[in-house]
Amino acid sequence: MSVLLSHETIVGWLRETDTERLGELWHAADECRRINVGDEVHLRGLVEISNHCIRLCGYCGLRAGGARLERYRMTETEIIACAQRAASFGYGTVVLQSGEDYGLTAEWVAKVVTRIKRETGLAVTLSLGERPPAELRLWREAGADRYLLRFETSDPGLYAVIHPGRDGAPGHLHERLELLRCLREWGYEIGSGVMVGIPGQTVESLAADLELFRALDLDMIGIGPFIAHPATPLGSSDTTAHARTVVGDQASNDELTVCKMLALARLACPAANIPSTTALATINKQSGHEQGLGRGANVIMPNLTPPSYRVRYEVYPDKASVDATSDKGRASLTGRIEALGRRMGSGPGGRRRP
Ligand code: 5AD
């Protein structure tokens, strides 16, 4: 049931306010999810291995120079212990995420990946930012299966202002897209995604984001609301620091708009793995995960980072976290998934290809 939605239709859905009509979108997305990826909800154990970052992204609390942030790097032993925990909880995948941190040397990352593969057999997803091709290939050779690199917006002008280079020069969207294409060629499953409601982002540009997901044939798609972080240019109350004044209509960063984007992403890329993101759960702590799972998503990424580090991985404030480590927390997560008529996934849960 891949629905080839036109640009106008997508924009129409993004502007739709009628609850009854929106019910049709939720239903179509949920059916599409069921038919293409089934009722399993795959759990990926997220380990935030370092919060050091050399980049200056205008929205992110880990940006270089954020003096208030206490920086950390996990040790190899600590990371392996987290991976073993993921395996013991029955997860099929561990996700290693960090800022763009060259303190994590290519050889060291390769060694960690090799050990995780050998000692746990889990699928390994990396999300370590833009790194040189030789390093990304080395990690693939070491056994890494997937790579996540969000493009955040498909609007090259907005991309440029929110991703300044270290010299202050604007960032280039096409470089990131080229890297995604290379990752795919080297045999990675590739993931990307966007934030919804970035200051300066229009509804039209969200529609273009969805079209780019489809053009890239993404295996994984992460979508969450933009959440203002007061210690960043985009989150500061000084509106002159904001990326751009929007001429068209500014996209909202509310739950409804995020859910529309999830549902439309499912229809655009029926076989993709789509998480119900932490950012969505952050703006609706009660039932954000359920909202996402009911509107196209099929993945949850419980955070397995040791708590003392987790609080310092502050990409945005007040980040939600499902308790997935205590027996009680895990039983509750299973209960929440089963209450939706779904079940816990088993195996690596990679992209299904015909
Ligand atoms: N609001 C929402 N999401 C954010 N991220 C970083 N900063 C913010 C923010 N202020 C997201 C990025 C990144 C993920 C780890 O967190 O999209 O990919």
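Me: Are helix 1 and helix 9 roughly parallel or roughly antiparallel to each other?

Reply: This is a predicted model. In it, helix 1, residues 7–15, and helix 9 pack at an angle of about 150°. Angles over 145 degrees count as roughly antiparallel, so helix 1 and helix 9 are roughly antiparallel to each other.

Me: And how far apart are their axes?

Reply: The axes of helix 1 and helix 9 are 9 Å apart. Their crossing is right-handed.

Me: Which residues meet there?

Reply: From helix 1, Ile-10, Trp-13, Leu-14 and Arg-15. They meet Lys-260, Met-261 and Leu-264 of helix 9. By class, the contact of helix 1 with helix 9 has five nonpolar residues, two charged and no polar ones.

Me: At what angle do helix 2 and helix 9 cross?

Reply: Helix 2 covers residues 19–37, and its axis crosses that of helix 9 at roughly 45°. The two axes come within 9 Å. That angle makes helix 2 oblique to helix 9. The crossing of helix 2 and helix 9 is left-handed.

Me: What makes the contact?

Reply: On the helix 2 side, Leu-22, Leu-25, Trp-26, Ala-28, Ala-29, Cys-32, Arg-33 and Val-37. On the helix 9 side, Leu-256, Cys-259, Lys-260, Ala-263, Leu-264, Arg-266 and Leu-267. The residues of the contact of helix 2 with helix 9 divide into 12 nonpolar, three charged and no polar. Lys-260 and Leu-264 of helix 9 also belong to the contact with helix 1.

Me: Which residues touch the most other members of the largest nonpolar core?

Reply: Leu-126, Trp-139, Phe-213 and Ile-223 do, in a core of 102 residues. Helix 9, residues 255–268, gives the most to this core, with nine residues.

Me: What is Trp-139 in contact with, sequence neighbours within four places aside?

Reply: Its contacts include Ala-106, Val-109, Ala-110 and Val-113. Trp-139 is also in contact with Leu-126, Leu-128, Arg-131, Ala-144, Tyr-147 and Tyr-188.

Me: Switching to helix 3 and helix 4. How do they pack?

Reply: Helix 3, residues 76–88, and helix 4, residues 106–120, pack at an angle of about 30°, with their axes 10 Å apart. This makes helix 3 roughly parallel to helix 4. Their crossing is right-handed.

Me: Who meets whom in helix 3 and helix 4?

Reply: Helix 3 brings Glu-76, Ile-79, Ile-80, Ala-83, Gln-84 and Ala-87. Helix 4 brings Trp-108, Lys-111, Val-112, Arg-115, Ile-116, Glu-119 and Thr-120. The residues of the contact of helix 3 with helix 4 divide into seven nonpolar, two polar and four charged.

Me: Now strand 2. Is Val-95 buried or exposed?

Reply: Val-95 is found in strand 2, residues 93–98. Its relative accessible area is 2%, and buried means under 20%, so Val-95 is buried.

Me: What does Val-95 contact beyond four places in sequence?

Reply: Arg-44, Gly-45, Leu-46 and Val-47 are among its contacts. Val-95 is also in contact with Thr-125, Leu-148 and Met-301.

Me: Where is Ser-98, and is it buried or exposed?

Reply: Ser-98 is in strand 2 too. At 8% relative accessibility, Ser-98 counts as buried. Not counting residues up to four places away in sequence, Ser-98 touches Ile-49, Ser-50, Leu-104, Ser-127, Leu-128 and Tyr-313.

Me: Where does Leu-280 sit?

Reply: Leu-280 is in helix 10, residues 278–283. Leu-280 counts as buried, at 0% relative accessibility. Leaving aside neighbours within four places in sequence, Leu-280 is in contact with Pro-225, Glu-255, Val-258, Leu-262, Gly-288 and Gly-292.

Me: Last one. Is Ser-321 buried or partly exposed?

Reply: Ser-321 counts as partly exposed, at 41% relative accessibility. Ser-321 lies in the loop between helix 12 (307–310) and helix 13 (327–339).

Me: What does Ser-321 touch?

Reply: Asn-303 and Arg-310, not counting residues up to four places away in sequence. Ser-321 and Thr-278 are 43 residues apart in sequence, and their C-alpha atoms are 7.0 Å apart in space.

Note on methods. Residues numbered from 1 in each chain as written. Predicted model: local features only at pLDDT ≥ 70, side-chain atom pairs only at ≥ 80, totals over all residues. Heavy atoms only, no water. Core = buried A, V, L, I, M, F, W, Y, C linked by side-chain atoms within 4.5 Å. Buried < 20%, exposed > 50% of the residue type's maximum accessible area, 1.4 Å probe, protein only. Helix = DSSP H or I, 4+ residues; strand = E, 2+ residues; numbered from the N terminus. Contact = heavy atoms within 4.5 Å. Axes fitted to C-alpha atoms, helices over the stretch in contact; angles between N-to-C directions. Parallel < 35°, antiparallel > 145°, perpendicular 65-115°, else oblique. Left-handed = near helix turned anticlockwise from the far one by under 90°. Nonpolar A, V, L, I, M, F, W, Y, C, P; charged D, E, K, R; others polar.
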